[in-house]
Amino acid sequence: MLAFVAFSLRRAWQGFWRNGLMSLAAMATMVLMLVLLSGLILMLAGLDATINYVGQKVQVVAYIKDTAPKNDVDRIQLVLQEMPQVTEVNYVSKEQALADFQQRQPGDAALINSLPSNPLPASLEINLRDPSDYLDVANYLRAQTSSVDSVQDLKVTVGQMIAVANVLRTGGIVVLVVVCLTVLFIIMNTIRLAVMARAEEIEIMRLVGASDAFIRWPFIFEGALVGLFGALITIALLWVVQTPLTNFMSDFFNVLPVQASVLVGRDVALIVLGTGVGIGVLGSFLSVRSYLIR
Amino acid sequence: MPMVTPSTSGSTSGTLRVPNLPSRRPAGRSADGKVFIALQGVGKTYANGKIALRDVDLVIPEGDFVFLVGPSGAGKSTLIRLLIRDEKASQGHVLLDDRDLAKLKRRDVPRIRRKIGIVFQDFKLLPTKSVRDNVAFALEVTGTPRRQIGPAVERVLRVVGLHDQADQLPSELSGGEQQRTAIARALVHDPRLFIADEPTGNLDPLISWEIIQLLLRINEMGVTVLMATHNAEVVTALRKRVVALDDGRIVRDEIGAAYHRED
């Protein structure tokens, strides 16, 4: 058994390098697919996290003017708390908003600190019993022109994001399936060429009584190797772009607490690795089948 | 060391009884050994409709030396491919060492093939491997433990007389030496049947005789030898059993015969 595994691995390794150019082509395509895959995963994960955060926590946010009198704001808060549609009202001061922002985006803290004054407004975050009641609350807030600067109705935003997420999910999966099939086809071709290059060797193996496993597994390992290397390159790429990606995501999702660095974690790495190796193995398995004992 | 007593009962070690076998078995041969190869009403039609063998009956006892002759396309190669279970018979039965090859499970095919050593006109050596590695390859790919491979390879290289050329590549060898490498590789599993498909087709007469001498020695070791050939000189000189095929049929099966019919 050990001899068999050692034999198969050795031959897979030799085969991988002997077919250098084809292996490289297959690997490059594999990387392309895996980058697309992980991009899609990250995008969807970011959207989902945002949707959850917004959907669960806050439904209406009112930004308070810096010039608003303190007692007016207190009054508004009290009125809101008395409204039957409202479950909870939180006052977020300018200082609190700044602290939250710095905690969420430590990368941008220096930028904020370089400004002469705190640019972030204070706000009232209002949770609703029923999200469809938001119009009553929003209208009341909009009427408080002396203190309320603007009202952000996050429910509408959430609805839009869910729509975007669904389009991305569907479109992404379609694109991914197409790319997966392409990669599978390329891997199959690569291994088929590798098999053809060693047709004589395989013939001899069959003649001297090698079992199917001895013929099949070196090629399956070779396919797995293409997948493994493709996955490792992809993971390395993701690791390199992790910081810029986090910043991009933060910008993209504005002030919402999305942390890409958490997402580019073990899960994505495992999915990338599993998909890469899986497609490599499947492609080899399919292309070597016809060369076995009839 | 315990004595091994050959059992005379039971279907695996006793004489194979092939029902309804025509009594075409050459006289004087039946008592020599148990039947090792039995073809019974064998026909082979390929997928493209070409009929390669028709109603072939053939019995070869263990330890026999048989020449398979006939024009190109007569069915010699098909017969060999049936014996190594590279193809299945379309009709009839092919029995090898008491086993019906058509009923063989896929995973048992490699085991049967290890009982058969085979060489071809074109040697089928791996050009990037040395003589020693070419022979060792046959053991490696059948899962032989590494420590057993070395001694086994040395032994067969001595048998074929290539011990001194063990580290050379096939391209550095003469045709005869390449064929001897192929023979060594075919012998390394200790086969009970040795099939040579035109083994001297690419060799000049003198070298051909060397190869034939080697096959005779293998036969003397108790291995059944089946040699397909066009080499009339060799067949006629050796006066062995000759099975002649033409258009997929056995047209002659004689002991001590010549390449051509001598009526």
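Predicted model: local features only at pLDDT ≥ 70, side-chain atom pairs only at ≥ 80, totals over all residues.

Colleague: Then which residues of α4(B) meet which residues of α5(B)?

Modeller: From α4(B) come B:Val156, B:Leu157, B:Val159 and B:Val160, and they meet B:Arg180, B:Ile183, B:Ala184 and B:Leu187 of α5(B). Sorted by type, the residues of this contact are seven nonpolar, no polar and one charged.

Colleague: What makes α4(B) oblique to α5(B)?

Modeller: Helix α4 (residues 146-160) and helix α5 (residues 175-187) of chain B pack at about 135°, with axes 9 Å apart. Roughly perpendicular ends at 115 and roughly antiparallel takes angles over 145, so α4(B) is oblique to α5(B). The crossing of this pair is right-handed.

Colleague: And why is α1(A) called oblique to α9(A)?

Modeller: Here the angle is about 55° and the axes are 8 Å apart. Roughly parallel means under 35 degrees and roughly perpendicular runs from 65 to 115, so α1(A) counts as oblique to α9(A). Again the crossing is right-handed for α1(A) and α9(A). On the α1(A) side, the residues include A:Phe4, A:Leu9 and A:Phe16, while those on the α9(A) side include A:Phe214, A:Trp217 and A:Leu225. The contact of α1(A) with α9(A) has nine nonpolar, two polar and two charged residues.

Colleague: How do you know that B:Phe123 is buried?

Modeller: Count its neighbours. A residue is buried with 20 or more other C-beta atoms within 10 Å; B:Phe123 has 20, so it counts as buried. It sits in the loop between β6 (116-120) and α3 (131-140) of chain B.

Colleague: Why is B:Asp55 called partly exposed, then?

Modeller: Exposed needs 12 or fewer and buried needs 20 or more. B:Asp55 has 14 C-beta neighbours inside 10 Å, so it counts as partly exposed. B:Asp55 belongs to strand β2 (residues 51-61) of chain B.

Colleague: What is phi near in B:Asp55, and in B:Phe123?

Modeller: Phi is near 45° in B:Asp55, positive although the residue is not glycine. In B:Phe123, also a residue other than glycine, phi is near 65°. For background, most residues other than glycine have a negative phi.

Colleague: Last one: how many residues has the largest nonpolar core?

Modeller: It has 114 residues, and B:Leu68, B:Leu83, B:Val135, B:Ala184 and B:Ile195 have the most contacts inside it. Helix α9 (residues 212-240) of chain A gives the most to this core, 12 residues. A second, separate core has 15 residues, among them A:Val60 and A:Leu141. As for B:Val135, its contacts beyond four places in sequence include B:Val153, B:Leu157 and B:Ala184.

Technical notes
Residues numbered from 1 in each chain as written. Chains lettered and ligands numbered in written order. Core = buried A, V, L, I, M, F, W, Y, C linked by C-beta atoms within 7 Å. Helix = DSSP H or I, 4+ residues; strand = E, 2+ residues; numbered from the N terminus. Contact = placed C-beta atoms within 7 Å. Axes fitted to C-alpha atoms, helices over the stretch in contact; angles between N-to-C directions. Left-handed = near helix turned anticlockwise from the far one by under 90°. Nonpolar A, V, L, I, M, F, W, Y, C, P; charged D, E, K, R; others polar.
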